[in-house]
2 protein chains.
Amino acid sequence: MVQIGKGNFSDWYINLILKANLIDYGPVKGTIVFKPYGYRIWEKLMFIVDNEIKQFGTQNVYFPIFIPESFLSKEKEHLEGFSPEVAVVTYAGGEELKEKLIVRPTSETIMYPIVAKWIKSYRDLPLIINQWTNVIRWEKRPFPFIRNTEFLWHEGHSLHSSHQSALELVFKVLAMYQKIYQDVLCIYGVSGRKSESEKFAGALATYTYEILMPDGKALQGCTSHDLGQNFAKVFNVRFQDKDKKLKYVWQTSWAITTRAIGALIGVHGDDYGLILPPKIAPYQVVVIPIYDKKHDKKIRAFIEDIQKELTQVYISVSSALFPRLSALDIYVDDSEHTPGYKFNEWELKGAPLRIEIGYQELKNQTLTCFRRDKRERFKLKLNELKNNLSNIFTEIEKNLFLRSKEFTEKNTYFVKDYQEFKKIMKTKRGFIQAYWCEKEECESKIKEETKATTRCLPLDIKNSRITNYKLRLTNYSSKGKCVYCGKKARNVWLFAQSY
Amino acid sequence: MVQIGKGNFSDWYINLILKANLIDYGPVKGTIVFKPYGYRIWEKLMFIVDNEIKQFGTQNVYFPIFIPESFLSKEKEHLEGFSPEVAVVTYAGGEELKEKLIVRPTSETIMYPIVAKWIKSYRDLPLIINQWTNVIRWEKRPFPFIRNTEFLWHEGHSLHSSHQSALELVFKVLAMYQKIYQDVLCIYGVSGRKSESEKFAGALATYTYEILMPDGKALQGCTSHDLGQNFAKVFNVRFQDKDKKLKYVWQTSWAITTRAIGALIGVHGDDYGLILPPKIAPYQVVVIPIYDKKHDKKIRAFIEDIQKELTQVYISVSSALFPRLSALDIYVDDSEHTPGYKFNEWELKGAPLRIEIGYQELKNQTLTCFRRDKRERFKLKLNELKNNLSNIFTEIEKNLFLRSKEFTEKNTYFVKDYQEFKKIMKTKRGFIQAYWCEKEECESKIKEETKATTRCLPLDIKNSRITNYKLRLTNYSSKGKCVYCGKKARNVWLFAQSY
């Protein structure tokens, strides 16, 4: 296995996802096949996200994948943002089509003209809908999970009678994503607002959770958009307010995608393979029998006991926002390989906890356990394990999250001098915190000269007041000088190279 | 509301699905938007099917939506079957594509060349995979849910080391679909094998569940295909058997689609709207408060009690194969409409059980209940309802299924004379059972002259022996004369006009 962090992260990553049976390549460039082990991670994440969003009244829907070209063209910024990336159907049913069809890159422009008919009065608001779909964005430089021509996601969309109500949802969703990243995926990141040039095409503002990957590049982990009334005005989405006046709705949209799996692989993985956090691992516990021919029957019976006992353990599979319990997934690897092969295999596949059962374990009625995150063996009686399983998983989660946090903090630099900025981006990369005057010119010069873009204006979700529609700066004073032009700058922004 | 069964079924159907908020039309001809109430039905069906298929070892996966044209062309029959219906992407990412991409109409041709790499030995078999996706088939005469340009489905695919093993799965799946239709959707139908001309393009044999709709037309409710080794040979899907020889795998594929919702609407609906079976209804219980201004607080408190008590009731949401329990979905309609409006609304939307709570109910501590299927009011104490809810739902299910069975039997005719055959198809339609010599010539003449096609060779799943790869005829002797040509015919087939 190639080592990480030595300039060959992408070799390590590609090698790992193929070996661990997460994906296969599709025949069309930039597409991937989710194999059972890889899809199961997505399935678990879907279950968690779906549960969370339904708690605040989201209803699932499904809109067609084909968007008439004229629909996409209605919002100008949106069209400009997406037109270089779309795939186009020009004939169907044996005939050339009169109007070309865009294969959805996102669904605002097909949803909103239709949703406009669903609402009449303020009583119909807020309306929060969501769909789980595939989307297509043609990628020039595809990278599995992180940049794919076709990927899977959920897209939430909401309509409100006021900007305040819309913003509350934007931040509720961002807080939910942050919780999921931190509590479920155990990945540290920085929440914040995108710059004008980096925001979603057609949005007033875009909020994000930015993750630092082992190669020092940033990954945008999710998005929550304040769409304002831009789309409402284009698609004439109006409601009658309490004062009987017809008004445009305020809208939001938000998404988390299969890219989250890319973050998971990159952030936690090590030279031995994947490390999967318990809430998202296809199997939390993998049991490996060590047969010796003499005691095989008894070993098998012992394993059956273990399975029976441990499937009675329920663990929290949701974020802390809306806790939900689920039965443990246990896998007994009874394949014909040697125990040593299986140890490597399940380290590669990142099973959080491995249990080895041979004659020694049978004789002493003790389980030899192996924690993947620390690569540490320990022994426990079955009952002790059963009673401590939740704690062990919590410890694994804490350990993974702390590691990710420490790595990020170690590789985050507060920089005042542009030469230092350039040097960091040229050598070690990482997150840079720097004052920026918020003029697009400086931003694009920095990008040109260092490949680093603004990732976000960091935001302390808990302590931010959203009533004034502005984000509070965290930790820094509002008097600084732009790292590029030296002129007055009020905010410290996060910069990094990105995928 | 338009009345059913008077020659205007399709007006009634379209009117109903729009009024009941199941769908909206998409901008592209033949596409529909699943609104929250409509999608929730699909979501519940997905949950049930997904649970069932995982019981026999199915693992979920995801394959790309774009199939290179050359892949689709590899299996000749398959290509001929699907090429008139496909949508084609010709440019993407701002450039014309070198190879055209087919938007998946089904996934055999993209899955199998890739899956070929996943299996090496007989130990890797059977491999059973499944995906939940959208698919595209260009429809000349679209009809919502029943024939859509884009629809949602699951597609299961399996690989086996023997034909016997493959066939066992084909019938296990067919039995599962039949159970779901009968126990969950409460829809009677006829299981059987498709004729050579009606089978899936590229299959050895296709099995189906055929449903009689109120207008006397048949609806194909699902399919389970015995693919034999056709695709395996085309895509070189081989394994090393126990005898060390390389052999082609035996394959199956199977699907149930959003068309099932069309069957649900058509079969159970009446002049007042939808009638949804409890296991699949978005809300099993809808509570309608009848406020009188004087006692509103107490009425509200009483309703809260009811909610609290009834959410403790768990009902079986799966078919009888693998029972699974789920909490009840209860909706309290607190909108500003009158009680009368709400009664009509929830009859239209087909909620299985309605509970009306006003001052009378409060005073007598009694609930006024309304069963949608029988349109019958009855009174019960809260505790009585709680204890009887499961029984009530079972009764509703039995009643709906029996109605559907009686309707089908009443409209099924055993016909020996072709003039009678023609007359029935011209006037009342329905299912016709008739001897057919199994020559394609007679089949196509019958189709030409009566619009009726062979629906299937009926099959008694429970009593059929599958070891000889042939289906036992049910009820009829194997000595008959073809209803068209009068020549010797061994089997009685089911005929009908279809969607």
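Domain bounds, as used in these legends, come from an automatic or database domain assignment. The structure shown is a predicted model.

**View 1. The domains of chain A and the contact between domain 1 and domain 3.** Chain A is divided into domain 1 (9-268), domain 2 (285-408) and domain 3 (412-496). The centres of domain 1 and domain 3 of chain A, taken over C-alpha atoms, are separated by 26 Å. Their contact takes 21 residues from domain 1 of chain A and 19 residues from domain 3 of chain A. On the side of domain 1 that touches domain 3, α6 (163-184), β9 (190-193) and β10 (205-212) of chain A each supply at least two residues. Helix α6(A) gives the most to this side, with six residues. By class, the side of domain 1 of chain A that touches domain 3 has seven nonpolar, seven polar and seven charged residues.

**View 2. Helix α1 of chain A and its buried face.** Helix α1(A) spans residues 9-19, and within this helix Trp12(A), Tyr13(A), Leu16(A) and Ile17(A) are buried. Seen down the axis of α1(A), the buried residues fall within an arc of 120°, so they line one face of the helix. An α-helix has 3.6 residues a turn, so residues three or four places apart point the same way. The buried residues of α1(A) pack against β1 (23-25) and α8 (259-268) of chain A. Just after α1(A), Asn21(A) takes a positive phi of about 65°.

View 3. Val267(B) has its place in helix α8 (residues 259-268) of chain B. With 25 other C-beta atoms within 10 Å, Val267(B) is buried, because the cut-off for a buried residue is 20 or more. Leaving aside neighbours within four places in sequence, Val267(B) is in contact with Ile187(B), Ile211(B), Met213(B) and Ser404(B). Asp215(B) is 52 residues from Val267(B) along the chain, and the C-alpha atoms of the two are separated by 9.7 Å.

**View 4. The contact between chain A and chain B.** The contact takes 45 residues from chain B and 44 residues from chain A. Strand β5 (residues 87-92) of chain B supplies six residues, the largest share of the side of chain B that touches chain A. By class, this side of chain B has 28 nonpolar, eight polar and nine charged residues. Strand β5 (residues 87-92) of chain A pairs with β5(B) in the antiparallel sense, over five bridges. Ala92(A) stands opposite Ala87(B) in β5(B).

Technical notes. Residues numbered from 1 in each chain as written. Chains lettered and ligands numbered in written order. Predicted model: local features only at pLDDT ≥ 70, side-chain atom pairs only at ≥ 80, totals over all residues. Buried ≥ 20, exposed ≤ 12 C-beta atoms within 10 Å, placed from the backbone. Helix = DSSP H or I, 4+ residues; strand = E, 2+ residues; numbered from the N terminus. Arc of directions from axis to C-beta. Contact = placed C-beta atoms within 7 Å. Nonpolar A, V, L, I, M, F, W, Y, C, P; charged D, E, K, R; others polar. Pairing = 2+ DSSP bridges.
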